[in-house]
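Hi there,

Here is the structure I promised to pass on.

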Amino acid sequence: MKTISTHSTRTVPSVAFVLLLSLLALTSGCVSKSSTQGVENRWRAEPAPVFERGKSTEHDVLSALGPPSQVINAGNRTVFYYLLEAKRSRGVILIIYNQTVERIVYDRAIFFFDAQGHLTDFSTSNEKVPLQ
Amino acid sequence: MKKCPSNKEPAQVVCPKLLALFLVCIFSVTGCSHLTSDVGPPLPSAATIVTGKSTLGDVVTTIGVPSQVSASAGGFVFLYEHNEVVENQIGISFDFPVLRWLKFVYAGSGLRHEAWLMTFDTNDVLQAWGKEDWKKPLGTGAAAQILVTVSSLVDSTAVRRPASQHRWGEMWLNPLPQVLNTGQSPQDGRFGLEQRLAPTFVGQHTLEMIQPLPPRKAKKANK
């Protein structure tokens, strides 16, 4: 019995030590970066603001979503363009081999208004950034 | 592996010089990197839009919000873009006193570019649309770097720069030649648009007198 207990106390810490060292060695070169730029994407809020073509106005959109990234004047039409840009980067640096993957996601919403300021068309992008 | 011309048994004819070279390569190759950058959503492979029938509302509903929008003489212009940059680096280092902390890297980069351009008339009906989808080498680069450094050696800032919409309004604080040229600016959303890869010293930008910067300065300016 004594022999068995001595054996187990010697092996268990050494295995854990090796595992810990391996984990440290593997994770020492992991890189993760993220940044966002643009407006707050309130169109992804829960519950999402509701707009109706022909009924909602510029005032409704501005009060729900805030100032847009860009306002385009197209003759007697107006366009509100909302944009949130999220850049995410993940990397593994293992000296011998390194890999980084960068993804730039654009969460967008666009609203078209007629000369009277009524919403004629709108859409949000298929790419989404979670609202924080 | 190539074999040296010899009359010996097949198991014995592996050329020692080639084997030595192969082993040196294996042990000296270090700091190989694979860097990818995906900008924007990929565009659908098949478009469900019809010229003369589809409306602006149909397009934004089925395809999504365009990368850029501009007013045009007859209505609107939409630009959809997707870019993917892939850079592969191969690096070697030598086991000498100082050189062992450095790696000598060669990089090659490729770009996949997709773009759709659509024009709409005053009734919001699709007038015309065109698309392009191509792959091409973006450039090559070489450097001596500290062993743990991982950075791009090919300038891809034109593709990865922030969207122009972030600078709407702030553009009025640009240098005077650029502000005076806003009547022709494709960044504003009122006077046409341009793809990300368009150079800034030709066409409508000519009067802005923007000189092309060397890659390192351009990288700093775009940050």
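Strand 4 of chain A runs parallel to strand 1 (residues 32-39) of chain B, and the two pair over eight bridges. Two strands count as paired if DSSP finds at least two bridges between them; strands themselves are DSSP runs (E, at least two residues), numbered from the N terminus. One of the bridges joins A:Gln99 to B:His34 in strand 1 of chain B.

Before going further, please keep in mind that this is a predicted model: local features need pLDDT of at least 70, side-chain atom pairs count only at pLDDT 80 or more, and totals for chains, interfaces and linings use all residues. Residues are numbered from 1 along each chain as its sequence is written, chains are lettered from A and ligands numbered from 1 in the order in which they are written, and side-chain values use heavy atoms, with hydrogens and water left out.

Now the interface as a whole. Contact here means heavy atoms within 4.5 Å, and 38 residues of chain A are in contact with 45 residues of chain B. The two chains bury about 3400 Å² between them, 54% of it on carbon and sulfur atoms; buried area is the accessible area (1.4 Å probe) that two parts lose on being put together, summed over both. On the side of chain A, A:Gln70, A:Ile95 and A:Glu102 lose the most area to chain B, together 16% of what that side buries.

Three salt bridges are counted between chain A and chain B, a salt bridge being a side-chain nitrogen of Lys or Arg within 4 Å of a carboxyl oxygen of Asp or Glu. One of them joins B:Asp38 and A:Arg103, whose closest N and O atoms are 3.4 Å apart. Strand 4 of chain A contributes the most to the side of chain A that touches chain B, with 13 residues.

B:Gln89 counts as buried because its relative accessibility is 4%, where buried means under 20% relative accessible area (1.4 Å probe, protein chains only). Its side chain makes a polar contact with the side chain of B:Glu87 (2.8 Å). A polar contact is a pair of N or O atoms within 3.5 Å, one able to donate a hydrogen and the other to accept it; residues adjacent in sequence count only if both atoms are side-chain atoms.

Best wishes

Terms used:
Helices (H or I, at least four residues) and strands (E, at least two) are DSSP runs, numbered from the N terminus. Buried means under 20% relative accessible area, exposed over 50%, partly exposed in between (1.4 Å probe, protein chains only).
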